[in-house]
Structures are given as structure tokens and as C-alpha cells.
Amino acid sequence: MERAIDPDLYRKITQMIFGAIRAKAVYAAAKLGLADELSDGPLTIDELASKTETDADALYRLVRALAGEGLFEEIEPRVFAVTDLGRLISEDAPGSRRYLSLMFAEQTDPLFDHILESLRTGQPATATAYGKPYWDWLAERPEAAETFNKAMAGGAAMRLPVLLDLPLWNTARRVVDVGGGNGTAVRALLERYPQLEGIVFDLPHVQEEAQETLTAAGLRDRATFVGGSFFESVPSGADVYVLHQILHDWSDEEATQILRTVRRAAGGDTMLVVLDQVVPEGGGQHPSLLLDLQMLVLLGGRERTENEWRELLSAGGFELQQVISGVRSSALVATAEE
């Protein structure tokens, strides 16, 4: 006798298969700014369509579907309000995920057409999809780079508390954020700890945005931007170096090279803080596992377990001292080895 299909399993696999449609629907809502349009209160679908220059019937079908996912609420027939969940794709929400949605849909999704290539070769699919490595592709496209930087800054709001609360900042005087992007982390650190001075170190194409961040916060007298490649050199003389969501972008060999570059610049009593995901041992569901696939296909990087982090840091000249778990990532605190 044929075994009956478990309806719960059937629903689960169907949800997984349809996951791409859900992600694209969220992207469409983020791109159109629906959560922003509803920030002042509910609107009819006709009003929302007028504001977003869309077809009312088609828009209703989108918003209705996303109401089923909890982003919006149909408070009266064809009248919608945004929920707390939906506000996370608005422009100015704390920890906004709007630009992450845009980045995944516009930059990353095409890569997963080539996931089988990455699975067969162990290499990223960017050469096939973009014709060049992702960072080179991004450097040539200011609009895409801006989306990427805003996506990273949005996620920093959830990741930064574990960094900001580390006791080591009470005695530190100088910090270098290696691969510091638009300066979000340095800004937060200097605002919290008035004795700190900071350097944002990253590729030259992000200099203008980083300087705008620091200027807007009134920190240009305590913070500077230095351009360069962390494969070659980083500014020396800091008490603390930060690698914020950097090392997971790279293979073990490349990540080791980055760490060794930092170690050459570091003094004997320098601290290193790596802010990244830590894959739990023993399996089970965890956000880092899907992110690990993202790193494989996009960059050839990887997420790592605590033991893998310990080995990587040692290969780069650092000794892992402590792992502190946060909401979106963990802080791995290391000291320079002699």
C-alpha cells in the first residue's frame, strides 16, 4: 500500500520551493517603498497604487500575499496598514533590511542560476555570471556599491551591540576598522567612547561615503579614512583592529593572508575583534548555514565553526581568547601571538 503523504511535510517542501517567490515579493515591496508610503497610516489600494505608479489590481495581489506573510494588514477590504515586520523594509527603520532585499534580488539572485557550477568546482560563480570577481564588478558600479554599503550598514544596527559592549573599549585609544565600509562601526564606537580615535580602512571607492558618515556625526577631528587593500597593508599602531563581516567573504587561504597583514601592523599587546557568524557544532537550523551557501556562490568564502575560527586565527598570528554571542553575529576576541 502506498504511504500517505504527510500534509505538514508537503506544505513545508512547497514553502521552500516557493521561497524565491516570497523573496521577490518582498523585494518588489521594498523597491516600491510600500512600507514608507504606509508609515503615516493605512491607505486604500487605489491610493497606494497612485503613489507608487502601479496597477491597482496587480498591486493588491502583491500586498495581499505579503499580508499573508505578516508584512501588511488588511484592516478593511482593500485598505492596508504596515506591520512592525513590514517596517523593516522601510528606508529609515532601525536595522532596516530594505537594501539587503534590493542587493539580494538585483545582485545575488542571478548567481544562484549557477549554483551547480559552484558545487562542482568549489569556486564562486561570479566569473560566469558577471565576467569578473564580485568586488571588481561592484567597484565599477557606483549604484550597486551604494546598495551594498547601505545593506551592510542596515545589518550593522543588529550586529553592533555585541561589538560596542566589549570591555576592552574602556582602555583603548585607537581603533582601525579594516574593511570598514561607510564608517558605521567607527562612528558608533567613537560616539560611545569619547577617548577613542578611529581609522576607517577600505578600498578608495568608498571614501566619499565614509567621510560623509563621519562628517555628519561631527567626528572628522577624531576619525579619518585611509584607502588601500588589506591584502597588502593596513594602518599600524592601533590598540584594537576590527574585522567586521570581512573574513567570511574569503577562503581560508585568503582570510589567513588578511590576518597576517593585520598582524604585521599590530603590536605585541594589540587586540583583534572579529565580528562574524559562528556555525554551531552538531547541525540543526541556523542562519549561518544558508549564508554559507551565499558565500560559496558569490565570493568563494565560508562561514566557520568556533574550532575553524580558532585554527584560522592561529594561522594568521592571533590566539582566540573569547567568543561572545550577539543577535546577528558573534564577537571573537583575539590577541596577537608572539
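Me: Which residues of helix 11 are buried?
Reply: This is a predicted model. Helix 11 spans residues 184-192. Taking buried as under 20% relative accessible area, the residues that qualify are A185, V186, A188, L189 and L190.

Me: What covers the buried residues of helix 11?
Reply: The cover includes helices as well as strands. The helices among them are helix 10 (142-164) and helix 12 (207-216). The strands include strand 4 (174-178), strand 5 (197-202), strand 6 (223-227) and strand 7 (240-244).

Me: Which strands stand at the edges of the open sheet of three strands, and why is one side of each left without a neighbour?
Reply: The sheet has the order 1-3-2, with antiparallel pairing.

Me: What is the bridge partner of E73 in strand 3?
Reply: Strand 2 and strand 3 (residues 79-82) pair in the antiparallel sense over four bridges. Within strand 3, the residue bridged to E73 is A81.

Me: At what angle to strand 2 does helix 5 run?
Reply: Helix 5 comprises residues 56-68 and lies across strand 2 and strand 3. Its angle to strand 2 is about 110°.

Me: Which residues touch the most other members of the largest nonpolar core?
Reply: This core has 41 residues. Another core, of 30 residues, lies apart from it and includes L160, L164, W169 and A185. In the largest core, the residues touching the most other members are L34, L48, L59, V63, L66, F72 and Y134.

Notes: Residues are numbered from 1 along each chain as its sequence is written. This is a predicted model: local features need pLDDT of at least 70, side-chain atom pairs count only at pLDDT 80 or more; totals for chains, interfaces and linings use all residues. Side-chain values use heavy atoms; hydrogens and water are left out. Buried means under 20% relative accessible area, exposed over 50%, partly exposed in between (1.4 Å probe, protein chains only). Helices (H or I, at least four residues) and strands (E, at least two) are DSSP runs, numbered from the N terminus. Contact means heavy atoms within 4.5 Å. Two strands pair if DSSP finds at least two bridges between them. Axes are lines fitted to C-alpha atoms, for helices over the stretch in contact, and angles run from 0 to 180 degrees between N-to-C directions. A nonpolar core is a set of buried Ala, Val, Leu, Ile, Met, Phe, Trp, Tyr and Cys residues joined through side-chain atoms within 4.5 Å.
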